[in-house]
Amino acid sequence: MSARVRLNGDMVEFKCPGCGWVHSVNIDRESKPCWGFNGDVEKPTITPSINAWREYGGSRETERCHSFVTDGTIRFLGDCTHDLKGKTVDLPDIAEST
Ligand SMILES: [Zn+2]
C-alpha cells in the first residue's frame, strides 16, 4: 500500500514534487487555519489550496508554491515560482522518505 500523505498529530504532511519541501497543514478544527482532509492517504484530497512561500530577503526572489491536492494528484497554480507551475502531477509516495 502506498501513502501519499503522512499524518503527524493534527497535521497532514506531503512531499511536494514542485518545490521539494514537505508541506504540512493543520486538520484540527479547534485551531486556525484548518484544512479539510478526506482521510484517504492513498488518494488524498485537501481543501482549500495550500499556499506556501519562503522569503529570503535581499536580492533573492521569494519562492512561492501554491497548489491544490485532489484525489492523489497535485495541481500547481500559475503563481508558483518552480518549474511545475500550471501543471498537474501525481503526488509522490511519502512513505519511502522520512
Ligand atoms: Zn510545494
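Biologist: Which residues have the most contacts inside the largest nonpolar core?

Modeller: A word first: this is a predicted model, where local features need pLDDT of at least 70 and side-chain atom pairs count only at pLDDT 80 or more, while totals for chains, interfaces and linings use all residues. Residues are numbered from 1 along each chain as its sequence is written. A nonpolar core is a set of buried Ala, Val, Leu, Ile, Met, Phe, Trp, Tyr and Cys residues joined through C-beta atoms within 7 Å, where buried means that 20 or more other C-beta atoms, placed from the backbone, lie within 10 Å of a residue's own. The largest one has 13 residues, and those with the most contacts inside it are Phe14 and Val69.

Biologist: Which strands each supply at least two residues of this core?

Modeller: Strands here are DSSP runs (E, at least two residues), numbered from the N terminus. Those that each supply at least two core residues are E2, E6 and E7.

Biologist: What is the order of the strands in the open sheet of 3 strands?

Modeller: Two strands pair if DSSP finds at least two bridges between them. E1 and E2 (residues 11–15), for instance, pair in the antiparallel sense over 3 bridges. The pairing in this open sheet is antiparallel, and the order is E1-E2-E3.

Biologist: Why is one side of E1 and of E3 left without a neighbour in the sheet?

Modeller: E1 covers 6–8 and E3 covers 22–26.

Biologist: Which residue in the turn between E6 and E7 has a positive phi?

Modeller: E6 and E7 (residues 73–76) pair in the antiparallel sense over 4 bridges. They form a hairpin with 2 residues between them. The turn residue with a positive phi, about 55°, is Asp71.

Biologist: Is Arg75 buried, partly exposed or exposed?

Modeller: Arg75 touches Ser67, Phe68, Thr70 and Thr88, not counting residues up to four places away in sequence; a contact means C-beta atoms, placed from the backbone, within 7 Å. Because Arg75 has 16 C-beta neighbours inside 10 Å, it counts as partly exposed.

Note on methods:
A residue is buried if 20 or more other C-beta atoms lie within 10 Å of its own, exposed if 12 or fewer, and partly exposed in between; C-beta atoms are placed from the backbone. Two residues are in contact if their C-beta atoms, placed from the backbone, lie within 7 Å.
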